[in-house]
Amino acid sequence: MSFLNVFYADVKRISIAHERTVDSTHKCEFPNGRGQYGLVYCIQGEGEYRFSTGEKCEMREGEVILLFPRAAYSIVTKSAFAHYTVNFEI
């Protein structure tokens, strides 16, 4: 029995790929939800994703998170949180 759920999908379109730093002067919020999937890789620092559902997810250097469309959240940081994001449709 496998404990790994595998998700297969075809990426239809990559809309944006960028590097961004979130800190006390550069905020990141999606209170109405995202429009697409987002794959985020933390380059440096730490960030905490706070979802409208009450769930939280901490990210540290070298970690990856997959964000789903319609996910509403904000990112809170203690220091600069540098990351790459690729937004896409499947």
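Where in the chain is the place of E63?

1. E63 sits in the loop between β5 (56-60) and β6, where strands and helices are DSSP runs numbered from the N terminus (strands, E, of at least two residues; helices, H or I, of at least four). The model is predicted, so that local features need pLDDT of at least 70 and side-chain atom pairs count only at pLDDT 80 or more, while totals for chains, interfaces and linings use all residues. Residues are numbered from 1 along each chain as its sequence is written, and side-chain values use heavy atoms, with hydrogens and water left out.

2. On confidence, the chain averages a pLDDT of 86, and 90% of the residues score at least 70; pLDDT is the predictor's confidence in each residue, on a scale from 0 to 100. Confidence is lowest in strand β1 (residues 13-22), with a mean of 80, and highest in strand β6 (residues 64-67), at 95.

3. E63 counts as partly exposed because its relative accessibility is 32%, given that buried means under 20% relative accessible area, exposed over 50% and partly exposed in between (1.4 Å probe, protein chains only). Beyond its neighbours within four places in sequence, E63 is in contact (heavy atoms within 4.5 Å) with V40, Y41, C42 and E58. A polar atom of the E63 side chain lies 2.8 Å from the backbone nitrogen of R60. The C-alpha atoms of E63 and H83, which are 20 residues apart along the chain, are separated by 9.7 Å.

4. R60 itself lies in strand β5 and, at 37% relative accessibility, is partly exposed. Not counting residues up to four places away in sequence, R60 touches C42, G45 and E46.

5. Q36, in the loop between β2 (29-30) and β3 (37-44), is buried because its relative accessible area is 14%. Its side chain makes a polar contact with the side chain of E89 at 3.1 Å, a polar contact being a pair of N or O atoms within 3.5 Å, of which, within protein, one must be able to donate a hydrogen and the other to accept it, and residues adjacent in sequence count only if both atoms are side-chain atoms. Leaving aside neighbours within four places in sequence, the residues in contact with Q36 include R13, S15, L67 and F88.

6. Y41, one of the contacts of E63, is found in strand β3 and is partly exposed at 36% relative accessibility.
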